[in-house]
Amino acid sequence: MPGGKIRLALQHHNQLLELRIENSATDIPKDLTEKGFDRFYRGDSARNRQVDGWGLGLSLCREIATLNQSTLTLRVTPAMTVIASLHVPLKRADMT
């Protein structure tokens, strides 16, 4: 998006690492938070713009997160940004 912004944040909470990516966007599909991780999901605006892709990226990202005991979520803000949050559990290394 012209003039758009991407913000990255990395925080440590107790035994959890959070990576948050916030991206300004236009034409955010209303069902993005519910269906954004579905395989082959592409919002109506993506189909209308003839954007290349199969709609697998977010689905694959969530699968990779799950395989690593992590969670990945999407949230749309009132300021018309999309926030993807990855929560990764931290494991303390044995000091033996």
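Start with the sheet: it is open, has 4 strands in the order E1-E2-E4-E3, and its pairing is antiparallel. Strands here are DSSP runs of at least two residues (E), helices runs of at least four (H or I), numbered from the N terminus, and two strands pair if DSSP finds at least two bridges between them. At the edges, pairing on one side only, sit E1 (6-13) and E3 (71-76).

This is a predicted model: local features need pLDDT of at least 70 and side-chain atom pairs 80 or more, while totals for chains, interfaces and linings use all residues. Residues are numbered from 1 along each chain as its sequence is written, and side-chain values use heavy atoms, leaving out hydrogens and water.

Next, select E3 and E4, which pair antiparallel over 6 bridges. Click Leu-72 and look across: Leu-86 in E4 stands opposite.

Now pick Thr-81, in strand E4 (81-89). Is Thr-81 buried or exposed? Thr-81 has a relative accessible area of 8%, so it counts as buried (under 20%; exposed is over 50%, partly exposed in between; 1.4 Å probe, protein chains only). Its side chain makes polar contacts with those of Glu-22, at 2.8 Å, and Thr-77, at 2.6 Å. (A polar contact is a pair of N or O atoms within 3.5 Å; within protein, one must be able to donate a hydrogen and the other to accept it, and residues adjacent in sequence count only if both atoms are side-chain atoms.)

Last stop: Ile-28. Beyond its neighbours within four places in sequence, Ile-28 is in contact (heavy atoms within 4.5 Å) with Val-76, Met-80, Thr-81 and Val-82.
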